[in-house]
Amino acid sequence: MNKNSSNIMALAPNTSNKRETVCIFGTGDFGRALGHKIIQSGYPVVFGSRNTQPSSLIPKDAEVLSHAEAAQKAAIIIIAIQRQHYNFLTPLAEILHGKVLVDVSNNLKINQYPESNAEYLAQLVPGAKVVKAFNTVSAWALQSGTLDASRQVFVCGDDMGAKQMVMDIVRALGLTPLDQGSLLAAQEIENYPLQLFPMWKFPILLSLGLTAFFFFYCLTRDIIYPYVYENKDFSFFIVISIPNRICPVLALILLALVYLPGVLAAIIQLYRGTKYHRFPDWLDKWMLCRKQLGLVALAFASLHVLYTLVIPIRSFVRWRQSSQIVSQALNNKTEPLNTTNAWLSDSYLALGILGFFLFVLLGITSLPSVSNNVNWREFRFVQSKLGYLTLILCTAHTLVYGGNRFLRPSSYRWYLPNAYMLSLIVPCIVLVVKFVLIFPCLDKPLTRIRQGWERNPQFSE
Amino acid sequence: MNKNSSNIMALAPNTSNKRETVCIFGTGDFGRALGHKIIQSGYPVVFGSRNTQPSSLIPKDAEVLSHAEAAQKAAIIIIAIQRQHYNFLTPLAEILHGKVLVDVSNNLKINQYPESNAEYLAQLVPGAKVVKAFNTVSAWALQSGTLDASRQVFVCGDDMGAKQMVMDIVRALGLTPLDQGSLLAAQEIENYPLQLFPMWKFPILLSLGLTAFFFFYCLTRDIIYPYVYENKDFSFFIVISIPNRICPVLALILLALVYLPGVLAAIIQLYRGTKYHRFPDWLDKWMLCRKQLGLVALAFASLHVLYTLVIPIRSFVRWRQSSQIVSQALNNKTEPLNTTNAWLSDSYLALGILGFFLFVLLGITSLPSVSNNVNWREFRFVQSKLGYLTLILCTAHTLVYGGNRFLRPSSYRWYLPNAYMLSLIVPCIVLVVKFVLIFPCLDKPLTRIRQGWERNPQFSE
Amino acid sequence: MNKNSSNIMALAPNTSNKRETVCIFGTGDFGRALGHKIIQSGYPVVFGSRNTQPSSLIPKDAEVLSHAEAAQKAAIIIIAIQRQHYNFLTPLAEILHGKVLVDVSNNLKINQYPESNAEYLAQLVPGAKVVKAFNTVSAWALQSGTLDASRQVFVCGDDMGAKQMVMDIVRALGLTPLDQGSLLAAQEIENYPLQLFPMWKFPILLSLGLTAFFFFYCLTRDIIYPYVYENKDFSFFIVISIPNRICPVLALILLALVYLPGVLAAIIQLYRGTKYHRFPDWLDKWMLCRKQLGLVALAFASLHVLYTLVIPIRSFVRWRQSSQIVSQALNNKTEPLNTTNAWLSDSYLALGILGFFLFVLLGITSLPSVSNNVNWREFRFVQSKLGYLTLILCTAHTLVYGGNRFLRPSSYRWYLPNAYMLSLIVPCIVLVVKFVLIFPCLDKPLTRIRQGWERNPQFSE
């Protein structure tokens, strides 16, 4: 009650400016941290505990009572106790009848129990209004006051009024409540803090697999081959040269894989003549992780840029350059400028720079705070128009880099083509199919299908 | 009602935990998607349609009734129908009296009709409380559940209570309602999703114009001139060398244009002796797109950095370098280190690096989530102090780059100075005027004017 | 009361859609700007002023009355007057009784008065409900309509209902209210707009101090020493070479200082056998500015990258390279490839690239909008696991860079080791201690302590 005291009261008893007492069951780490924070926000707090003797750890301004006494003092009871001990609440069922019980618990594993902790609590105390909240907040963050990570508190519950009361407390604590609907959402909310980048799993596993494949591919072509046939030790290529082949190859393939599902979806819709059939499951999942695929591709592209820019500083490159020049000087010959080479070299560098630049732009617009400030038309313009332009530029960069080497026999050591040639397959397919889909004879029906038209309608309004 | 059922009710009949039925007129794409999402959030939904036979596309938990029947079941009716068909609502006027009608429609063009769709709806059904909402949300986003783009829902309407009810639904859907005021704002809200980066139009057109000008300027000086007089084919300069002249020139000019309107405004205020006259319209518009100008300038600066860093990898540069060294070796001469050159070269590189670094910092602080976390003093410190420091560093970078070339006749081919010399005009003017404005004899009256003082007061409190 | 009546309500005069009149005392800059914006948001506004004659500057739609008359027309009165003039409110105490007074004032200095302006106001008019708000919004931003900086409005007050009314106005203005608790928070809210990056002070001062130290250290070793002993003028090293030694050294030291307090805290907790004793004050403060330390380290690392990438363009480096090659050619000798050198050079570059890449990733995840979208497990994974990996990579980068130079006597001019050797001290200590702490014999008790276990328990639940 450290804050209401300063209130010089008006005539009528105004209850709206007295914050209601909050009861917390459990004086463990999280209960105490939460109690401390709630007191700071102006609510009277009472702890319910088996052990009611005062302790230095419990915030001074809070009372510690038995569970039953504490529960009677408040309309909201926060259950800061582990699920295993919930059954001690059964004898209190009568006192808890009509009260708002806030389940803040977490599990150790995803889907550890058949039902969520909050639903279990609702079963144990059927007369109470159970609300799930605060499980995504860490005791440490509450204590230290630093909330560098998320300020979002997911809230769910079947009783609208109870949920509203809890959300008011969340807001008073300086956190952002997010209403997730009924108590059915509790399972998902309880799983949330146990997740480790679930959307990133597929893109990262895919890129690890591709990295491993291309690493051994390049190892064979660029280190083992010259060692076997020319007895040269290029083992140090493992450090920069080979990564700098793998990175652009992966960036290009992953970027193309961002746009492939859209193209596949268009073909499926054209074939079915409707948009009202669900896509196959794998396609749905693929479409949902396109953003992550694109960002992994951007990471590889960034590494490629860094690896490329350090080329002139590398000891090996400096040695090769100076030995070439020295041999030219010793042989007393000056080479004229090869304009074709100058064109090719400058073109692939310029295409790469522009492609990377657009790629970074795409990455910036995918930042939550930026994408929140664009409307759908702008978002689609950036992600689709600029995205395809990026893909075209990056594919052209690779094609021009290849230049006239595609037909040179030395590019096929042990019948293995250069890695960059392999990387061109997926993007070229995507671009060709997309190009075909732009033709009016395909684009028109597709647009109509996407606006709701059906070739064999089953439904009409 | 799939969610409230699980609620084992307390003693008093608590109506607060029953969500009110929502009616949706129209079973088209958007209506169904919205209905589906609203059901998921715990609201009972009833569709009003001409065709009341069940369809597989309509969410199972929703009833489909005639328009009149459906409207009677709910206090809120979402009109998910195109504006052209609104007149079917006229016969329903009596039933709709006192109801909340939510206009979710969009147009195909900006300002397509003289009045907004929502205002038109309010005229058709004068007894209803019309609220504009949801028009910025895409059906696709609602269906797929991925809300990568904006979660903001603009809401406006003349009736506060009606607006509040709609905003509660928006929040329950996991979206963020933004109250835009009365129904007069509907026109703007309807135009919003049709916009394509309106604030960026001027900066981008300006930079395209300047790019075209400097491209032909450099083409003349660097490719046509040597071709005519020295018969050398430097056409490949188009790819990297010329872009790498245009980019820094544009970055510098655009950055100076960010600070020019502030300087002009100060002069105007000093001349008028008051801050209470509006600036000319062009100056107001210019000041509002300074952030966008700055970000376009940063884009050109980033390209300049990339183009510069690939210089040593370019085939032409390697050829030039090696032929220089070979000719030195053949002529048996070693050049001593020119310390002045080393100083100049290192200085302009260092100035450029520091300028670019500060420029990127400015760009990062303009990210919405970052600028939201700084107070006004900090924002002004970064955007004004650091901004001017960036301008000074970039101008110095260009000046030192010029070095002693300003006076060399070879810099003026066909009487055309180098492009970078032209780029120095605007920043130098800005810096000189700003420097003059810092003098106390001008700074003091300006500060007083900005605090509200007037030389010829027309108003006193 | 403006929300409860929102049901169907038609016939009876619906007051809920009339916004309540807002009164503003003071017709100065801020008062007028705020009034203008509040009128735009649909509220009737009345100004209270000593001078009630109409003025062109006051929004047309607003009345100007005497203070007493204006106050009687509204339930909310915004006091847009400086603190020095507050005493004119004393005679109005009776009229203001029960009204909501909004204090929008700011001071010129932090903690200028013993009590906050809002608390002073509450003392002067004891019958009114004082709410602090709007002091973080600038008049200029309200006038121009551009809110590039923060949209957050901190609100505090002792009366919940009054606070709610003010927060509704804030929302209607398109701003985001943040409830900061009781009027005790007013002091902090009034200090907020006067702060200039308070969290950054220590990291920036520390890095300035270290920069100065290492600058003179390198100056001595790299410029004065060769000048004294070899009479060579390398003064131009000041521009790029020396900054490029200072930057990586500072980046590494500051990055290690981010992880040092965590290691110290673990040792203290292990020693004390409990986590329930407060850390010493300096350690607490240090832990709170770790994010800022890390970002400053990232800034130095970025500069290091830029300085390194321009190396091949530097005039001095080109001269050194060409004179080496020319002398090789003149001496008619070709050097074979030194594979060890190639390995070392490529390795330290690759380690640096990977370290910098992870460092940038860490920086991106510290953006507020990104960190808001990860849960605690993900946040800790990124900041701790990836953070230590970054530290390991950067330390390894420096160690490999040193290579076999550690034992070469020429590295110790005037008994001064190279700067990078000094920079290795802190990171190596952190990594070694962290490595020791991973051993089960220390990790297990530490984990238990952090879960609340105590070696000498003083408290039990």
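User: In this predicted model, which ring does the charged end of Arg83(B) sit over?

Analyst: A charge counts as over a ring if CZ of Arg is within 6 Å of the ring centre and within 35 degrees of the ring normal. Here the charged end of Arg83(B) is 3.6 Å from the centre of the ring it sits over, and that ring belongs to Tyr113(B).

User: And in chain A, how far is the charged end of Arg83(A) from the centre of the ring of Tyr120(A)?

Analyst: It's the charged end of Arg83(A) that sits over the ring of Tyr120(A). The distance to the ring centre is 4.3 Å.

User: Okay, rings with rings now. How many aromatic pairs are there over all chains?

Analyst: Ring centres have to lie within 6.5 Å to pair. Over all chains, the count by this rule is 63.

User: Take Phe435(B) and Phe439(B): what kind of aromatic pair do they form?

Analyst: Their centres are 5.5 Å apart, with 75° between the planes. Planes over 60 degrees apart count as edge-to-face, so this pair is edge-to-face.

User: Is Phe435(B) buried or exposed?

Analyst: Exposed means over 50% relative accessible area. Phe435(B) has 55%, so Phe435(B) is exposed.

User: Where in chain C do Tyr348(C) and Tyr401(C) lie, and how many residues apart are they?

Analyst: These two make an edge-to-face pair, with centres 5.2 Å apart and planes at 70°. Tyr348(C) is in helix α13 and Tyr401(C) is in helix α15, so to speak distant parts of the chain, linked by the pair. The separation is 53 residues.

Key. Residues are numbered from 1 along each chain as its sequence is written. Chains are lettered from A and ligands numbered from 1 in the order in which they are written. This is a predicted model: local features need pLDDT of at least 70, side-chain atom pairs count only at pLDDT 80 or more; totals for chains, interfaces and linings use all residues. Side-chain values use heavy atoms; hydrogens and water are left out. Rings of Phe, Tyr and Trp (its six-membered ring) pair if their centres lie within 6.5 Å; planes under 30 degrees apart count as stacked, over 60 as edge-to-face and the rest as tilted. Buried means under 20% relative accessible area, exposed over 50%, partly exposed in between (1.4 Å probe, protein chains only). Helices (H or I, at least four residues) and strands (E, at least two) are DSSP runs, numbered from the N terminus.
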